[in-house]
Amino acid sequence: MSTFRITGLLARLAAGLLSLVPIAAGAAVTCSVSVTSITTSFSNALGNAGITSGAYTISCTRLSTDPNTFAWQLRANNGIHAAGNQNRGLMGATTINYDIYRSTTINNGNRWQTTTATAFSGTLAFVGASLNASTTGTFYANVPTGQNPAAGTYTDTVTATLLDQATGTITYATTTFGVSILNQAACEITAPPGNLNFTYTSFQGAAAAASTTFALRCTNLHPYTMALDVASSVLLGLTYTVSLSQTSATGTGASQTFTINGGITAGQSGTCSTASCTGTQTRTLTITY
């Protein structure tokens, strides 16, 4: 009796092993994926958000016994310098935020990330009897304004993973791509200087003074200098002077206010031959960064 029972068990095992053969033969698709590295520029001081496109390519090979379609999804992580789900580029100890997207619509719903809902997806078709097929697509990187990091180049490395579309658990290929963000040194005049208005009477006994302010916004931690085209000049026969409250500073990413001071010393006669005269001159303020 025991001999017949063992024989029956071996027969069932053999049948079970045979039933696995066609399943294994249908899982022979192999793939590779490549993603272009991207370089973008950014200038918060000028209010410029950097939006740059990149591309991915998926190439797959099948056996002649495999199906002629392959449903895939392509995920991307948040890079090696991420803070939670926030992608970040790094320069030294300083970071700059950026994100990558599946379309030109820049919002959280279109971010390219690590779930089925946030992945690229599609179906690769092997045409006719072809054993090879490929597809390409475009992604976008955006550096949002409202950041004030130091000028320089920030870098990151992102990993992209190709998986099956149905379950998102079978990995077919992985690759990495670089992100490089050039944060440009920049300055802008956020509030231009006004006029220096002097009122002066010939031979008056006290000096006349006037002043005006202006504001600059320059890239965080970037030094810059300011200069006027002259220190003094003559208008209506009166010698006047102009000077800056300071001639250099370091940017903070926010507006910084400075003063232009002017004066006419006492006791000057001038060249006015009527009851009153007016005159104007234009001076030039130069910002170097």
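These legends walk through a few close-up views of a predicted model.

**View A. Tyr56 meets Phe120.** Here the two rings have their centres 4.8 Å apart and their planes at 50°, so this is a tilted pair. Tyr56 sits in strand 3 (residues 50-61) and Phe120 in strand 7 (residues 120-125), so the contact ties together parts that are 64 residues apart in sequence. Both Tyr56 and Phe120 are buried. The model has 11 aromatic pairs.

**View B. Phe214 and Phe258 make another tilted pair.** Centre to centre, the rings are 5.8 Å apart, with 40° between the planes. Phe214 belongs to strand 12 (residues 208-218) and Phe258 to strand 17 (residues 255-264), so look for two stretches of chain that are 44 residues apart. Phe214 is buried, at 1% relative accessible area, and Phe258 is buried too, at 4%.

**View C. Strands 5 and 6 form a hairpin.** Strand 5 (residues 87-91) runs antiparallel to strand 6 (residues 94-101), and 5 bridges pair them up.

**View D. Cys31 is bonded to Cys60.** This is one of 3 disulfides in the model. The sulfur atoms are 2.1 Å apart, and the link is right-handed, with 110° about the S-S bond. Cys31 lies in strand 1 (residues 30-35) and Cys60 in strand 3, so the bond ties together parts that are 29 residues apart in sequence. Cys31 is buried at 13% relative accessible area, and Cys60 is buried at 2%.

**View E. Cys187 is bonded to Cys218.** The S to S distance here is 1.9 Å, and the link is right-handed, with 120° about the S-S bond. Cys187 is in strand 11 (residues 187-191) and Cys218 in strand 12, so parts 31 residues apart in sequence are tied together. Cys187 counts as buried at 13% relative accessibility, and Cys218 is buried at 0%.

**View F. Cys272 and Cys277 form a partly exposed disulfide.** Their sulfur atoms are 1.9 Å apart. The torsion about the S-S bond is about 85°, so this link is right-handed. Cys272 has a relative accessibility of 33% and Cys277 has 32%. Number the bonded cysteines in sequence order and the pairing reads 1-2, 3-4, 5-6.

Terms used
Residues numbered from 1 in each chain as written. Predicted model: local features only at pLDDT ≥ 70, side-chain atom pairs only at ≥ 80, totals over all residues. Heavy atoms only, no water. Phe/Tyr/Trp six-rings, centres within 6.5 Å; stacked < 30°, edge-to-face > 60°. Helix = DSSP H or I, 4+ residues; strand = E, 2+ residues; numbered from the N terminus. Buried < 20%, exposed > 50% of the residue type's maximum accessible area, 1.4 Å probe, protein only. Pairing = 2+ DSSP bridges. Disulfide = S-S within 2.5 Å.
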